[in-house]
Amino acid sequence: MFVADVRLPGLQDIAFVRSGVAHGRLLSVNKPADDRERVFTIDDFDDLNVLEAGPELEAFRQSPYPALASGKVRYVGQAIAACVATTRARAEDLAERVEVEIDELPAVVDAVAAMQPGSPRLFENWADNAFIARTISAGDLNLFSASPMRLKRRFRMNRHATVSLEIRGVVAHWDARLEELVVHLSTQGGHVMRLGLARALGLPENQVRVIAPDVGGGFGGKNRLLPEEIAVCAIALKVGHPVRWIEDRREHLLASVHCRDHHYDLTVCFEPDGTLLGIEGDVHIDAGAYALWPTGSFMEASMAAGNLPGPYRMKALRVNTFTVATNKAPMGPYRGVARPGACFAIERMVDEVAQHLGIEPYEMRKRNLVKRTEMPYVTVAGLKLDTGDYHDSLDTAAKMIDISAIRRRQKERKPGEPRVGIGFAVYTEQSGHGVVEWSKRKSRVVPGYESANVRMLPDGSVNISVGVQNHGQGHETTLAQIAAHELGIDPSQIRIRYGDTATTPFGFGTFASRSIVFAGGAVGVTSRRLAEKIRLIGAHLLQAAPESVRIENGAVLSDSGSVGFGEIARAANIRQEMLPEGMEPLLEFTGTYEPKESAGVFSYGTHAVVVEVDEATGGVKILDYAVSEDCGTMINPMIVDGQVQGGISQGIGTGLYEEIPFNADGQPLATTFGEYMMPCATEIPTVRIAHSVTPALVTEYGVKGVGEGGAIAPPAALANAVADAFRDCKASFNETPLTPRRVWEAAQAAMTRMEAAAETRA
Ligand code: MCN
C-alpha cells in the first residue's frame with residue numbers, strides 16, 4: 001500500500017512545469033487562457049512561508065527555496081508551475097501549454113571553479129558561492145612541515161541520485177469534518193515532515209496529519225521536505241478536492257535529492273615505514289542550488305573531514321571544507337552520508353602510500369589500524385571509537401579472500417589475459433548518536449531520543465506504536481522481537497505500528513542507522529515497565545508476594561500456580577475491581593529512550609573484493625566479495641545480512657555505475673535509466689559475510705546500527721582492487737564511478753608512462 005495506491009473520491013493529479021535551463025531570471029509564466037484556474041504559480045500563494053534550512057549557524061548562508069520558483073531558476077528541473085487535471089496525462093498536456101520565459105544566465109557546474117573569484121553567483125547577496133566554508137584542524141599541526149614523507153592526490157566521488165524503488169509521492173486533502181489537512185507522504189519521518197509542512201503552510205500542527213503508508217525505500221532522500229511536497233499541500237488547501245503528485249523516474253533523476261559529489265585534494269604525511277602521521281587539504285562538496293529543509297547537506301563537509309582519519313591512528317588533521325552552491329538539483333543525505341567519500345579518499349590514499357613504499361596494502365593497514373587494546377580511542381578528529389577489534393576484522397576478511405592465491409594469479413598472467421586485483425577497505429559507521437552529536441552539528445532538529453507507546457489490549461495482545469518509520473529495514477520484526485523478549489510472549493502476538501502522526505508518539509524517523517539503538521531502546525525500556533505492572537497484577541491475582549513471581553511464556557507464575565496475560569489484561573482494562581488497591585487501570589505506557597552516552601557507537605568492518613579487469617575495454621567484473629562486520633549485538637542476523645548486502649549493492653552502484661554528469665550549461669546528461677546505470681541482479685555478487693559481536697557499552701542490549709555500513713566501503717574496495725590489477729604499472733583510479741572509459745583511460749596513461757620510463761632507461 002504505497003502512496004500511489006491511495007484512492008480518494010474526487011482525486012486529481014498534478015504535473016509540474018519545470019525549468020529547462022540551469023540558471024536564469026524568470027521573466028514570465030503564462031497560463032493557458034482557457035484553463036487558468038487549473039495552473040498554479042508562486043503568485044497564487046501569498047500565504048506560504050519559505051522555510052529556513054541548514055544548520056543554525058550564522059555562517060551558514062540561507063538559500064530561500066520557494067515551493068514554486070520565484071524570481072530565478074537555479075537548476076534544470078526546478079518546479080515553476082503546477083497543473084491540476086483529472087489524470088496525470090491531462091495534467092502533463094496542460095503543463096505543455098504553459099509558456100515560460102527565462103533570461104538565461106551562465107551556469108555554475110563545478111564546485112571547485114565555483115569558489116574562484118569571478119565565478120557567476122547563484123545568490124546575489126552572497127559574497128561567493130559557499131553555503132559555508134570552514135577549516136577543521138586538530139592535533140600536532142607542526143607534523144605537516146616536519147614529516148619526512150608526503151604524497152598528494154586528488155579524489156572525486158561523482159554525483160548520483162538516491163533511486164529508491166518507490167519514488168516520491170504525495171496525496172493531500174482537506175478533511176472538512178476534522179478540519180485537518182491529511183497528507184499521505186512517502187517519507188522516512190512523518191512527524192518531522194509535519195513540523196515543516198505546518199510551518200510552510202501556516203497551519204497549527206494539530207491541523208496537519210501525515211500518513212506514510214508502506215514506503216518503498218528512502219536511503220536518506222526521503223528525509224528531506226521537497227518544495228513539490230509543499231506545493232501539492234498548498235494546492236489541496238485551495239481546490240477543495242484531493243490532489244496527488246507521483247514523481248516519475250525522470251523527475252526523480254532530474255530534480256529529486258542528489259547525493260555524493262565530493263572533491264578531495266589531499267596530502268598525507270607518513271614515516272618511511274608506512275606509519276601514517278596526518279592528512280591535510282581541501283574538501284569541496286557540491287551541494288546543488290538550495291539547502292533542503294530541515295538540515296540541508298551541511299553534514300557532508302564536516303563529516304567527510306572528520307572521517308578522513310578513518311579507523312587509523314593519526315596525529316594531525318587540517319582540512320579546509322567548502323559546501324558549495326551550484327546550478328544542480330539540491331543535494332541531500334544518501335546511505336552512508338559523507339563517509340563513502342571519506343572512506344574512498346583515505347582507503348585509496350592508504351593503497352597509494354603502500355604502493356609508493358612497496359608495502360602490501362594489507363600490511364600497511366595492520367601498521368596503522370587502531371588496536372583493540374586502545375579502545376575507546378578518540379581519533380584526531382574527536383570521534384570516540386568505542387569498542388571493536390579492527391585488526392581481527394581485517395584478518396578475517398583477508399582469510400576469506402586468500403591474498404596469496406591472487407598474487408599467484410597475477411604473477412602467472414599471460415599477456416592478453418584479463419587482469420585480476422584484490423582490494424581492501426576498512427570503515428567505521430557512527431550510529432546511535434543523539435543530543436551531543438546533533439547539537440554539536442547545530443542541527444535544527446536534534447534527534448536525541450525515540451519514543452514508544454506499548455499497550456496491552458483486554459485480550460492480552462499487544463500494540464506498539466513508534467515514531468520511527470520502517471521503509472525496508474524490517475522494524476516490524478526486530479522491534480517485535482525486542483518487546484517479545486521483555487514481555488515473555490511470542491513476537492506474533494505483537495503488532496508494531498508506525499507511519500501516522502495521529503496515532504503514534506512523536507519521533508524523529510528512520511535515518512542515520514539510529515532505529516535499533518533509539519527505537520529498539522524505547523520499545524525495550526517501555527515494554528519492561530509494562531512487564532513490571534503485569535507482574536504486580538499477576539501476583540495480586542495469585543495472592544502471592546510480588547517478589548515471589550516471575551513472567552514466562554505469556555503468564556505470571558508463582559510456586560503454587562499461574563495466571564495468563566489474557567486474564568491480567570482483562571482485569572487491567574475492563575475489571576478494575578480485580579486490581580491491587582490504588583493501582584491505575586490500563587496496561588499502557590509511553591516512554592522515551594536515549595543511550596547513556598550520545599556521541600554515538602561505532603560499527604565497523606572490512607570489505608575485501610576481487611575483480612577482473614579487461615585491459616582492452618576497461619570493463620570491471622566482480623569475482624568475489626567478502627565482508628567481516630561487527631554491529632554489536634545482532635537482534636536479527638538475517639535482517640543484518642540483508643542490510644549489509646543491500647548497502648553493498650548500492651555501494652557497487654556508487655563505485656562502478658551510478659552518475660549524473662552535467663554539461664557546461666548545467667544540463668544533466670542522465671535523466672532516464674537509458675543513461676543512468678543502475679546495477680541489477682547480474683552486476684551484484686553474492687556477498688560472503690562474517691560477523692563478530694563486540695557489544696556497545698552504552699546502549700540497550702549492546703546494539704549498534706548497521707543500516708549504512710554496507711554502502712560505505714565498496715567504492716574504496718573496488719577502486720583499490722582495480723588499482724591492484726594494474727599494480728605493475730602504478731595506475732591510479734581515483735574517481736567514481738569507475739566506468740570502463742575511466743578505467744581504460746587511467747590504465748592507458750599509466751602504461752604509456754611505464755613504457756616511456758622503460759625507454760628512457762634503455
Ligand atoms: N538490526 C539488528 N541488529 C543490529 C543492528 C540492526 O537486528 N545490531 C536491524 C534493525 O532492527 C533494523 C535494521 O537492522 O531492522 C536496520 O537497523 P539500523 O541500523 O538501526 O538502521 P535504521 O533502521 O535506522 O535504518 C536506517 C538505515 C539507513 S540510514 C539507510 S540510508 C537505509 C538503511 O537503513 N535505507 C534503507 N537500510 C535500508 N533498507 C531498505 N530496505 N531501504 C532503505 O531505504
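Predicted model: local features only at pLDDT ≥ 70, side-chain atom pairs only at ≥ 80, totals over all residues.
Colleague: Is the crossing of α3 and α4 left-handed or right-handed?
Modeller: On the α3 side the contact is made by L197, A200 and L201, which meet E229, I230, C233, A234 and L237 of α4. These residues divide into 7 nonpolar, no polar and 1 charged. As for the hand, α3 passes α4 in a crossing that is right-handed.

Colleague: Which residues of α17 does α15 meet?
Modeller: The axes of α15 (residues 637-657) and α17 (residues 714-725) come within 7 Å and cross at roughly 55 degrees. That angle makes α15 oblique to α17, and the crossing is right-handed. By class, their contact has 6 nonpolar, 3 polar and no charged residues. From α15, I648, G651, I652, T654, G655 and L656 take part, and in α17 they meet P714, P715 and L718.

Colleague: What is the distance from a backbone N or O atom of G218 to an oxygen atom of the ligand?
Modeller: The ligand has 31 residues around it, and G218 is among those that come nearest, with Q473, H475, Q643 and V706. A polar backbone atom of G707 is 2.9 Å from a ligand oxygen, while a backbone N or O atom of G472 lies 3.2 Å from a ligand nitrogen. For G218, the distance from a backbone N or O atom to a ligand oxygen is 2.7 Å.

How values were computed. Residues numbered from 1 in each chain as written. Heavy atoms only, no water. Left-handed = near helix turned anticlockwise from the far one by under 90°. Helix = DSSP H or I, 4+ residues; strand = E, 2+ residues; numbered from the N terminus. Contact = heavy atoms within 4.5 Å. Nonpolar A, V, L, I, M, F, W, Y, C, P; charged D, E, K, R; others polar. Near = heavy atom within 4 Å. Polar contact = N/O pair within 3.5 Å; in protein donor to acceptor, adjacent residues only side chain to side chain. Axes fitted to C-alpha atoms, helices over the stretch in contact; angles between N-to-C directions. Parallel < 35°, antiparallel > 145°, perpendicular 65-115°, else oblique.
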